[in-house]
Each structure stands twice: as structure tokens, then as C-alpha cells.
Number of protein chains: 2
Amino acid sequence: MLDCGIWLPLVKINFEVNLMRTLFHVPLCPFSRKVRLTLAEKKLDVNLEPELIWKKREEFLEVNPAGKVPVLIDLNQKILCDSNSICEYLDEAYPEPSLIGRDLFQRAETRRLIAWFDDKFNQEVTRTIVYEKTLKRFFEQTGPDSNALRAGKAAIEFHLDYISWLIDRRNWLAGDDLSLADLTAAAHLSCVDFLGHVPWDKFPDAKEWYSRLKCRPSFRSLLTDKMPGISVASHYSDLDF
Amino acid sequence: MLDCGIWLPLVKINFEVNLMRTLFHVPLCPFSRKVRLTLAEKKLDVNLEPELIWKKREEFLEVNPAGKVPVLIDLNQKILCDSNSICEYLDEAYPEPSLIGRDLFQRAETRRLIAWFDDKFNQEVTRTIVYEKTLKRFFEQTGPDSNALRAGKAAIEFHLDYISWLIDRRNWLAGDDLSLADLTAAAHLSCVDFLGHVPWDKFPDAKEWYSRLKCRPSFRSLLTDKMPGISVASHYSDLDF
């Protein structure tokens, strides 16, 4: 195993390295989407490289032994792994606009909500719907488990209710300003929405919040994503859904 | 549901609030242990309150609707939820000693390794051994799944190998200095070690690194933990194991 350490001498990667910032990603991976949204909100150009992580390509495992996307190679040729580490790095390296917040408690609240969506929503909804209906066929060569899908479709209503409750009290999820909490929640929801499983009409406040995000230039690249063999919901790229 | 927002007016909690910093925790929860180690390394006193999360106590859910430990109430009476949010907050509010690092890339490497243990190790080892043998009986009223235990015991060797590889090249996991990467890894491993399932003798470099951590004053409170009905490995609290 080669060193994937970010601050140690750079690993030579055998695939194309160009002078652009490069993000290795999977189109329907919410963690990759969170980083794409963060880069776009900070107006940082990036070259997107799809990585078929289920193939466990040796050169990729040398870069990130965890075998996961996203992996970012920044302009300084440093390799960054894990969506949380990457987003914290981007907010420190490119501080405008701040996506975590400036005040100590605001930052803690943003991070609490990032964990809410990356842990709880991911486990209860993204994995049970998106993984089951898309990546599972590549990783496990089997189709979706109907019990998991049913559990995911029930759990998403609790989460949309929580988003509605927050948005009833705040302009954005973590407070007055757009933050990584919004981008994280939207990254997960956008994957479920790709498959048409978000019951927007039952949650008008959550829909209004998502609609504000969907109209932002940072969202554009997500709306043109495709996954071979997986059909996209008809309203997915519609800004007036 | 009350507001659990950290920067909004404080939720009144109905259980005892004293003037001490209070941490709601579960003794064999690695995420709680990570926060306990962080507090102790920063020499911050804390009152530990065990929380039986599987009972889904209403007052606790009002404080943290995610229903998870750890939850910290700091001296300023602010409520902080999620181990990552808490540890980042502690490193910002009480900067000495820095446990994430001072340099941009050092910080990214610390956070990459925190995610390695909190995500990958947790999913492959802690959940398959510690959850199966301890908390599962409370959450699911069933005993451990022998396939999960077998998978966990195989996976831990890969992780001990990775720790050995890092320690062969660095003083601590993320570099020259002790960091949250070490505390996170040790928090998870200490739970597995409580049950006696860490094959230390096969990995002398990892053992030497863990031994350095185990001798630190911050580790003491972990070594006296007990869980009703769960027997502790005989070497668990032995500094010369």
C-alpha cells in the first residue's frame, strides 16, 4: 500500500493528471455531490472523473486505501480523501464564502446537521433507497430488497418533516446563511429525487427550500447527471417541479 | 420537537443541570469515548451521565432529536450534539493542545483518519463486534449474529495492519503529534479490547502505539468502565498487557 497521506510526498498516480483540479466521484454518490456543490459555491473549477469504485482499481486504492469517493486532487497536487475532510479543507483554503460559519456555535450547528444527513439520513434513507436501487447491483450483483425500500420511503417523511420544522424557524437549515448543512442535505435528497422517491407535495416548506437550492448555478451540473441503466425521474431536472 | 439548535435559546432540560460540564454517553460507545478522551487531553473536567439511548427518553430526544450520544452541555450551557461537531467545537473553543493540527494539510490528514475509523472501522469492526455483543440485546432483543462476529474478527486484522503501516512511518497516526486521529482510533479499539477481541500479539507496532495511549492520564476513566451483564477481558485495564 502506498502512502495516501496528504502532507507526505505526493503519490504518483498512473492515470491522467492534468493541471485542472480533479474530483474522482460517482454521479449518484451524495458525498461526491456534497463536494461538487461546495466547489461550485466557492466558484472553483473542477474536472470530474467518474470512478467505478466497485471495480477496486489498484491505482485508485493506492490513492485512497479506503476505496471510497470522493477524492480530490487540488491545484497544488495534494490528494484529499473523505468528503468531510475535503469540505473542511476547502472552507479553510478558500474561505469565501464561508460554508461552515464564522461563529463558534454556528459552526457547531452546521456540523451537527452535516452529521444528521451524512449519518442518520444516509443510513435510513439514502442507503435504503439509492444504494438498493443503483449501486447494489454493481457491489453485490443483486437487486433491491423490498423491505429496505419500504423502510426508506417511510423514513424520508420524518426527515422532510424535520427540514420543514427547521425552515419554519430559519432562512436556511443551520441559520441565516446558506451553509454546508444545506448542501449536504440537498446532496442526499437530490440522489433520492433522481429516482423520483421524494414526496415533495406533502412537504411544501421543504420543497420551497429545495427549490431555492435547485435554482442555484452550483446545482446545474448535478441536474445533467446520468447513470447507465438507471432511469431518471421526469421532474428531476425541472426547476419548476 | 423542541429546538436542539446550539445557537438558539437554550432548551430547558428537565434532568439535573449542574454547573459542571456534562456529557451524556454510553460507556462502550466509541463516539462518546472519543469525546471523553478529547476533554481529558484538554484537561477539561466533565460530569459523565450514562444515557440508555435504546429507551428513547423523551427529554433526551428533545435535546438531541437524532437520539444519539454523545451530547455535551458545556459550561456556557450550550448543547452540542454529534461527536465530530463536539470535537471540532472543543478544538476551536479550547485550542490547547491542538488535536486537529495547525497546518492546512495536517488538518486534512487528521480528519481523513478520523473518518477512516468513525466510518470504515466502525462499520467493519465496531458494529460487527461491539454492537453485536453488547448494545444489540437492548436495541433488538436478540443475541449476536455469528457471521457478523466472524467478519469483524477478520476485518480488524486489516485495520491493525494499516495502523502498523502508519506507525512505521510516523510518530502518531497522523504525523509527529498526538491528534484526534489517535483518539478516534483508540476509542474504537478500546471498545473491542474491552471484549478481548483485539489480536495485539500479531501486531506489535500497533500494540506499542496503543500502549503509549493507554498509559496517558486521559485514558484512565475508560479503563474503569463497566457494562452490566457484560464481562470485561482480564487484560483490559492492565497497562502492561
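Predicted model: local features only at pLDDT ≥ 70, side-chain atom pairs only at ≥ 80, totals over all residues.
Good morning, colleagues. I begin with chain A. Its strands form an open sheet of 4 members, and the order across the sheet is β2-β1-β3-β4, with mixed pairing. At the edges lie β2, residues 47-50, and β4, residues 79-81, each of which pairs on one side only. On average, neighbouring strands of this sheet are turned by 20° against each other, direction ignored.

Helix α1 of chain A, residues 30-41, packs on this sheet and touches β1, β2 and β3 of chain A. The direction of the helix makes about 155° with that of β1(A).

As a general point, strands of a sheet pair through backbone hydrogen bonds, in either a parallel or an antiparallel manner. In chain A, strand β1, residues 22-25, runs parallel to β2(A), and 4 bridges join the two. Within that pairing, L23(A) has L48(A) as its bridge partner.

I turn to chain B. Here too 4 strands form an open sheet, in the order β2-β1-β3-β4, and the pairing is mixed. The edge strands of chain B are β2 (47-50) and β4 (79-81). For the antiparallel sense, consider β1 of chain B, residues 22-25, and β3 of chain B, residues 71-73, which pair over 3 bridges. L23(B) stands opposite L72(B) in β3(B). Helix α1 of chain B, residues 30-41, lies across β1, β2 and β3 of that chain and runs at about 155° to β1(B).

How are the two chains related? In general, two copies of a chain are related by a rotation about an axis and a shift along it.

Next, the interface. The contact takes 41 residues from chain A and 41 residues from chain B. Because 100% of the interface residues of chain A are also interface residues in chain B, the copies meet through the same surface. Between them, the chains bury about 3,600 Å², of which 64% is on carbon and sulfur atoms.

On the side of chain A that touches chain B, at least two residues each come from β4, α3 (83-93), α4 (104-140) and α5 (146-167) of chain A. Of the elements on that side, α4(A) gives the most, with 12 residues.

I close with salt bridges in the whole structure, where a search over all chains finds 42. An example is the pair E124(A) and K120(A), whose closest N and O atoms are 3.0 Å apart. These two residues are 4 residues apart in helix α4 of chain A, and so are separated by about one helical turn.

Thank you for your attention.

Conventions:
Residues numbered from 1 in each chain as written. Chains lettered and ligands numbered in written order. Heavy atoms only, no water. Pairing = 2+ DSSP bridges. Axes fitted to C-alpha atoms, helices over the stretch in contact; angles between N-to-C directions. Contact = heavy atoms within 4.5 Å. Buried area = accessible area lost by both parts, 1.4 Å probe. Salt bridge = Lys/Arg side-chain N within 4 Å of Asp/Glu carboxyl O.
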